[in-house]
Amino acid sequence: KETEEVFKVKKSSYSKKIVKQLKKEYKEDLEKSKVRAEVNSPTDVEPPLEKTGQIKDIGQEDGTANSEHGEEEMEVESEKEEEKPKAGGAFSSALSSLNVLRPGEIPDAAFIHAARKKRQMARELGDFTPIDSEPGKGRLVREDENDASDDEDDDEKRRIVFAVKEKSQRQKIAEEIGIEGSDDEALVAGEQDEELSRWEQEQIRKGINIPQACSYQPAEVNNVYYQNTYQTLSYGSSYGIPYTYAAYGSSETKSQKTDNTVPFKTPSNEMTPVTIDLVKKQLKDRLDSMKELHKANRQQYEKHQQSREDSTKAIERLEGSSGGIGEQYKFLQEMRGYVQDLLECFSEKVPLINELESAMHQLYKQRASRLVQRRQDDIKDESSEFSSHSNKALMAPNLESFGRDRVIYQEQVKRRTAEREARRARRRQAREQTGKMADHLEGLSSDDEETSTDITNFNLERDRILKESSKVFEDVLESFYSIDCIKSQFEAWRSKYFASYKDAYIGLCLPKLFNPLIRLQLLIWTPLEGKCRDFETMLWFESLLFYGCEEQEQVKDDADISLLPTIVERVVLPKLTVISENIWDPFSTTQTSRMVAIVQKLVDGYPSVVNAENKNTQMLLKALLLRMRRTLDDDVFMPLYPKNILENKNSGPYLFFQRQFWSSVKLLGNFLQWYGILSNKTLQELSVDGLLNRYILMAFQNSEYGEDSIKKAQSVIACFPKQWFSNLKGDKTISQLENFCRYLVHLADTIYRNSIGCSDVEKRNAREHIKQIIKLLASIRALDHAVTVANDHNVKELKILIEGK
């Protein structure tokens, strides 16, 4: 291995001269190693040579004098060896000894030169065919050229340039014997002369196989055990070789220079004497070190023991507390799956519920529109029939010149008239049976009677919708559509893990979650009908009434407390909005009373409904106002007839006039039922300005002045809410009633004028009528007008009349 390391050189070129010099130096080194082996004792071992990975440049400037002297000797000896073959005796002797070379013997320069000459002669005689395809280029010529190139390279950059090139066959052989690099030209020549190269390698291997006296060991171990006997030296510095090899992985040997070489010294066999004190000291030192190590290990053991105890306690604590967390996690995972399934179910069923609800609303809307349209047609028919200005165009508008549509129109009018009179006759008969005929006035009854055909069709369609609604959740488990089952799931969540229940805002989500199910139960709920069930007695209301009230102490800001008010706000109010806009008939006193009652109940019992910022409440009030304005514009009609026509109280125009007047008074009373729900300003605008001053006062002007007018005035004033006048200050009433007060003053004057020249009985009746008018003025807080009437007609009981109002 040492020989291989000697010849192992990275990326370098060897010329003929250098190879010869290396062979010569190797023989000298081999002899010196034999001498050292004989001097040393058998137990001593020569320190191994350090592994070398690179060779220093031959011409390094900082080389020692010995290396420079060695180079000169190499050059002189190489020149002498080149001259030796010129002598015939030396060449012949070497030629004769070619066949007697002993195994393991290294040939000298003369032997090699003779072999080359022999090969040259064989080449000239034609016995040898060179590998090189170019004639005239022999090995000797190429080697001489290499010698010249090597001499020129010595003067230039000496450091070897490493480059990765493709390996030739000679390079591969050189790597096998430990030589890593060769000159490019020498390598080319080696490829041409493979036979000679193999012979040279065989001879070198024979020299390598000579046993060495030293054995290889790592440099670090050698330094530990032999630091007192030997010094670590580079191979070249010990034997005078001008090449320095660096050990793998050692920065110290790489940085060594050739000028730091130390001559080889014969090692001494003397050893340090061993005494008892020395042994005791070493044992004591070792005992102290072991005690320190034991102490450190003991501390480390105690530390690990404490860490183990802490970990055990932490595990026990976590295991004790993880049981509830595990159960909570399992429960929440189950709730998560349940809620996801519930939402998926609702996403499929809610559109069906919306369709059914829209169909039911449309059914009620059609019935209400049919009744309103019938009332409007009846008013038109009667107005056309009793109008003194009626003509063919008014009675039958949009008729053709041939009169073909006139017949159809007249037939429709006759049919509607017959139906109208038949309904009135049935209502009159019903009042006679109940004994209410004396107190009834024409126009106060609501004409909402339906034919049997309409009733049958309505019931069939409603039954169909109810049947469809019963099939909505027929393919769903009860736990996904039953309010009780859904409520129980969230109640369990609330009772077990209230913190997570509150963090999930379930209290805010439940109203929206129950919304479809409640709307399905309220599908046929219509508070305008007498047999309609109160929503507070329904199953959904009773089921959710005590939700979240199981704890003894209520949690502050608990959203579940307002669960029912929120549901009423989001479910009941929108349904009432649709009913008010499309189904409610303001002319119907019964429907108006029921509508007012349900809204008043919501206002009184549910604070969220009264909130001004509640959008659902605002939409409901807006729908109510729009419906009343539409009725006021489309359904109110007051005919104007001359007084001579109205003198006959049994005539058709008089009955029609009275019916329209009382229907207007009834509508006035229906409007004013919304007092306390709608603002005073809005009510006064609708009832007083829109209805009283616009229509009813016009009817007062056409009425006869007397007891009938006073009775009508009393009916109108009875509709006004007393709260309008209780807080008034001064002697004047509200501004909207000024026209009505002037009419009452005019009525008193007219009664007084009509009584002049009459009998005492008539005068006494007229005076009583004037006192009644003063009471009416005082009831609406028009004290200024009451005093005026009393002064004008010498009524001394003014104070009594005002206080007895």
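Helices are DSSP runs of H or I, at least four residues in length, numbered from the N terminus. In this predicted model, the helix α13 gives the largest share of the lining of the second largest pocket, namely 9 residues. This helix spans residues 276-386. At least two lining residues each are also supplied by α15 (404-434), α22 (589-605) and α26 (652-672).

The second largest pocket holds about 740 Å³ of space. Its lining is made up of 38 residues, and R375, S446, D447, D448 and D585 are those nearest the centre of the pocket. By class, the lining divides into 19 charged, 11 polar and 8 nonpolar residues.

In soluble globular proteins, nonpolar side chains tend to be buried together. The largest nonpolar core of the model has 127 residues. Within this core, the residues that touch the most other members are F490, F535, W540, W674, F720 and F740. The helix that gives the most to the core is α13, with 12 residues. Apart from neighbours within four places in sequence, F740 contacts L692, L697, F700, A713, V716, I717 and I780.

The average pLDDT is 75, and 67% of the residues score at least 70. Over residues 128-165, the pLDDT is below 50, and this stretch has 54 contacts in the model beyond near neighbours in sequence. The pLDDT also stays under 50 over residues 389-396. For residues 389-396, the model has 11 contacts beyond four places in sequence.

How values were computed
Residues are numbered from 1 along each chain as its sequence is written. This is a predicted model: local features need pLDDT of at least 70, side-chain atom pairs count only at pLDDT 80 or more; totals for chains, interfaces and linings use all residues. Side-chain values use heavy atoms; hydrogens and water are left out. On a 1 Å grid over the protein atoms alone, a cavity is a set of points where a 1.4 Å probe fits but cannot get out, and a pocket is an open set with protein on both sides within 12 Å along at least five of seven lines; lining residues have an atom within 4 Å of a point. Grid points are joined across faces, edges and corners, and a volume is the space filled by probe spheres set on the points. Ala, Val, Leu, Ile, Met, Phe, Trp, Tyr, Cys and Pro count as nonpolar, Asp, Glu, Lys and Arg as charged, and the others, Gly among them, as polar. A nonpolar core is a set of buried Ala, Val, Leu, Ile, Met, Phe, Trp, Tyr and Cys residues joined through side-chain atoms within 4.5 Å. Buried means under 20% relative accessible area, exposed over 50%, partly exposed in between (1.4 Å probe, protein chains only). Contact means heavy atoms within 4.5 Å. pLDDT is the predictor's confidence in each residue, from 0 to 100.
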